[in-house]
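I opened my notebook to keep track of what I looked up in this model. Here are my entries.

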Amino acid sequence: MDAHATTSAHQEHAHPTAGLYAKVGLVLFVLTALEVGLYEITYGSHAGASAEALKPFFVPLLLLLSAVKFALVAMFYMHLKQDHKLFSGVFVFPLIIATVVIVSLMILMAYHMAFARAG
Amino acid sequence: MTAHAHAAHLETSTGLDNRKLAIWTFIGSECLFFASLISNYLVHKGRSLVGPFPHEPWTSPSGQHFEPILEIPLVTLGTALLLFSSLFVVLALSGAQRGSRKALLGWLGATLACGIFFVGMQVYEFTHFVHRGLGFTTNLFGSSFYTLTGFHGTHVTIGVIWLATLWVDALRGRIPPHKSLNLEMAALYWHFVDVVWIVIFPVVYLIK
Amino acid sequence: MATRVLEHEAHPAAGHGEQTGLWSWITTVDHKRIGILYGATAFLFFLLGGIEALLLRIQLGSPENTFLSPETYNQMFTMHGTTMIFLAIMPLSAMFFNFMIPLQIGARDVAFPRLNAFSYWVFLLGGLFLNSSWFFGAAPDQGWFGYANLTSKQFSPGLNVDFWMIGLQILGIASLAAAVNFFVTIVNLRAPGMNLMRMPMFVWMSFITQVLLLLAFPVITVALFLLMFDRFFGSSFFVPAGGGDPILWQHLFWIFGHPEVYILILPAFGIVSEVLPVFSRKPLFGYAAMVFSGVFIAFLGFGVWAHHMFSTGMGPIADAFFSLSTMLIAIPTGVKIFNWIGTMWGGSLQFRTPMLFAVGFIAMFIIGGLSGVMHSSPPADLQQTDTYFIVAHFHYVLFGGSIFGLTAGAYYWWPKMSGRMLNERLGKLHFWLMMIGFNLTFFPMHFVGLHGMPRRVYTYPEGLGFELMNQIETAGSFVLGLAFLVFLWNIYKTSRGPRNAPADPWNGATLEWAIPSPPQEFNFAKIPVVHGRDALWEQKRQRGGPLPEPARVSGQGIHMPNPSYWPAVTAVGVLAVLVSLMTLGTTGVPGVVAGVALLFLGVYKWAYEPAG
């Protein structure tokens with residue numbers, strides 16, 4: 001039981017507090033607001049003079065914001081930051097394959113539509 | 001009973017619990033499930049032969065006018081609900097680990113409420129879109145949109161049922177601290193469903 | 001870590017008597033019994049697939065033959081491929097995963113015994129469902145890869161494609177559940193001291209297989225869902241008239257399909273890597289290189305899928321990429337082959353039946369590997385694709401590779417699984433008949449293929465120079481059939497003899513040979529402690545000679561999981577849900593609701609049932 005007591009104490013120590021969870025929640029909320037705000041000033045009803053200038057950066061910025069949110073939830077809420085590395089491995093390796101699949105399918109199908117199918 | 005559970009936990013080669021590793025493995029596998037669905041949405045993006053379209057208005061050959069289908073305010077609300085539910089479930093788990101039944105029941109209840117609202121939002125959204133002229137087979141956008149968000153919604157629904165079961169368990173005092181893993185597994189699944197939405201939200205709704 | 005709860009747990013249910021009767025098999029959660037169920041079921045499906053192959057060969061034995069109608073021929077080759085891949089080779093590998101992984105890592109069962117039972121029942125029901133199509137005269141007839149738009153409602157209005165896609169969907173669930181289970185088992189249930197680089201090579205290759213299953217099957221699941229939606233609800237993901245594209249199906253299918261090829265071959269790699277050292281009396285050559293080449297093959301396996309699609313015209317960049325990545329796979333594969341040869345080099349070789357099959361595997365797999373490198377080059381592939389050259393290639397890897405490897409495993413582990421030795425003379429006869437029959441059947445296919453004979457066509461005209469080769473192939477296929485009759489005779493004959501196989505008939509290197517044949521329900525009376533690779537050889541070295549025959553013990557106080565029928569009920573629920581989608585037209589929403597209700601009932605009873 002000694003071993004367990006240490007593990008438990010360790011876990012207590014390692015687990016973030018409710019305060020940290022709330023802070024992460026706030027950041028997630030702000031980032032989501034940023035996403036929607038970015039949409040509004042680029043394409044939405046609030047699109048102003050800067051809209052055209054923003055357009056080339058719109059997709060990369062949104063993907064970046066989404067990636068940050070993704071990472072925050074995975075690291076803090078899913079505890080990957082302080083949990084065993086194996087869990088991160090079991091999640092991140094498939095994520096890499098998943099990303100490769102999405103990107104290569106987009107490229108291959110775009111080429112196919114543009115050239116092969118068009119003749 | 002308690003001693004058994006603890007000892008079993010320490011028994012594995014890695015010291016990690018079998019069930020927790022299993023749910024993570026399952027989540028890893030699910031990454032490829034949603035990657036395939038997202039790929040399917042993206043390769044068909046802009047390939048619909050007829051409207052209505054997600055971001056552009058469309059006038060049919062018969063002269064009927066269709067507004068862009070996607071509506072940002074409603075889905076933003078759903079997105080926020082799902083994000084907050086992630087926060088709530090992690091607070092519920094922390095309550096379960098501390099042995100605070102009140103925190104567990106309260107936060108888990110809040111999570112459930114958010115989840116149910118999200119599903120409700122999606123049901124409303126789907127019926128609303130159908131009324132505005134986008135059926136499942138209307139065009140490729142309709143098919144791939146409903147498929148992607150529908151499979152996500154199914155995952156949320158399963159999560160709601162799972163969490164509701166645990167809430168009843170908690171009410172009966174069946175989730176003491178040494179059994180908090182029961183909730184942790186459901187919570188991990190729930191967070192995963194949330195991060196999938198974190199990807200779907202910009203990719204489907206915001207990026208034109 | 002040395003203190004393990006199972007040994008200390010005092011449990012009132014004393015002793016572990018042999019349970020018998022049908023009910024004990026339906027409710028079993030014992031990995032060994034489930035392994036036997038997998039093996040028996042898969043072998044029956046293998047025989048069925050073999051009979052289908054013989055019918056195909058009869059049809060092709062002479063030009064303009066009318067033995068099979070074109071429609072029946074299409075059904076026959078589709079079901080032959082689907083059966084051999086999903087109902088024979090995969091579950092035959094699963095038999096060895098089930099029986100051998102826990103034994104080789106020194107565990108008492110898998111991580112989730114009930115989930116293991118669930119996997120088997122889903123597999124069985126999926127296989128029966130798929131084959132029930134014969135009784136409706138609607139066996140799948142579009143090829144095992146189900147290319148769009150052959151599968152569209154327009155070109156396949158019948159139930160044939162429905163049976164195929166629902167069947168594969170069911171089988172995918174079985175594979176995924178099993179993959180999670182064995183992944184966790186291998187990571188978490190290793191005996192004390194068995195670190196990753198001390199695991200037997202079969203466990204390593206099985207582990208990599210589970211990772212491939214986990215990552216590849218979700219893709220085909222989605223592809224099949226999209227096809228279901230196209231066929232049942234009228235979407236047009238793969239229908240050009242609606243803006244969709246059949247090529248997307250090919251991509252999704254092969255993103256699954258190529259890792260699937262490694263799912264079929266890696267377990268055989270593992271088996272051969274177990275058999276060769278034991279019958280060469282020296283440790284596996286280049287253990288670490290074997291592990292990493294396996295990992296590398298699996299990783300590259302996700303970057304080569306489009307080499308199945310060179311003829312679709314992907315453009316020079318994609319062609320070059322997929323061609324190069326495919327050629328790259330030859331390197332780790334070559335590493336493996338050289339290591340197998342290095343294992344035998346200088347060893348005191350004993351050509352017992354398992355060893356014969358293992359050596360045969362190496363020879364046949366090299367031929368299949370080399371023809372694979374040939375069509376990794378797009379210009380060459382364009383000449384070879386859709387001809388019998390491809391049929392020759394993949395039978396050299398899947399039969400010459402997987403089946404030879406699995407047969408080696410069957411002879412090697414038969415005494416452990418059944419408690420009886422198979423007859424050596426019949427075993428050798430089996431080997432030579434199989435070797436001769438296999439090469440007679442498939443080697444000429446290289447030539448008729450290069451001469452231009454197309455695949456998947458029910459006949460060929462006279463005078464094209466195909467006759468002689470096809471006659472040889474047909475004759476060879478019957479020699480192959482005879483080889484398996486000899487195997488069946490061997491099984492039958494020895495099953496009537498006494499159960500007297502020793503615990504360690506081959507002077508084995510791994511832990512499964514440390515316990516009685518067949519093992520007792522709890523496998524190990526005392527969980528072994530591992531001090532190095534080839535754990536049993538290590539023990540024998542330390543003792544300075546062979547180990548004494550292990551005694552059968554009462555097993556009092558060893559806590560084993562309770563039997564349960566809920567996994568089987570849940571499996572029926574899975575079947576009911578998916579079949580209710582197929583019969584939506586007649587059973588409607590109530591059918592789906594009933595299926596879902598049964599599924600939920602099973603899951604709930606299972607979740608709240610004490611696991612024991």
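**Helix pair in chain B**

I began with helix α3 (residues 72-98) of chain B and helix α6 (residues 181-206) of chain B, which pack at an angle of about 160° with their axes 10 Å apart. For me, helices are DSSP runs of H or I with at least four residues, numbered from the N terminus. Axes are lines fitted to C-alpha atoms over the stretch in contact, and angles run from 0 to 180 degrees between N-to-C directions. α3(B) and α6(B) are therefore roughly antiparallel to each other (over 145 degrees).

I noted the residues making this contact: among them are Leu82(B) and Val89(B) of α3(B), and Trp190(B) and Trp197(B) of α6(B). Residues are in contact if their C-beta atoms, placed from the backbone, lie within 7 Å. By class I got 15 nonpolar, three polar and two charged residues. Ala, Val, Leu, Ile, Met, Phe, Trp, Tyr, Cys and Pro count as nonpolar, Asp, Glu, Lys and Arg as charged, and the others, Gly among them, as polar.

**Caveats**

The model is predicted, so I note that local features need pLDDT of at least 70 and side-chain atom pairs pLDDT 80 or more, while totals for chains, interfaces and linings use all residues. Residues are numbered from 1 along each chain as its sequence is written, and chains are lettered from A and ligands numbered from 1 in the order written.

**Between chains**

Next I looked at chain A against chain B: 38 residues of chain A touch 37 residues of chain B. On the chain A side, α4(A) gives the largest share, 13 residues. That side divides into 29 nonpolar, seven polar and two charged residues.

Conventions: Two residues are in contact if their C-beta atoms, placed from the backbone, lie within 7 Å. Helices (H or I, at least four residues) and strands (E, at least two) are DSSP runs, numbered from the N terminus. Angles under 35 degrees count as roughly parallel, over 145 as roughly antiparallel, 65 to 115 as roughly perpendicular and the rest as oblique.
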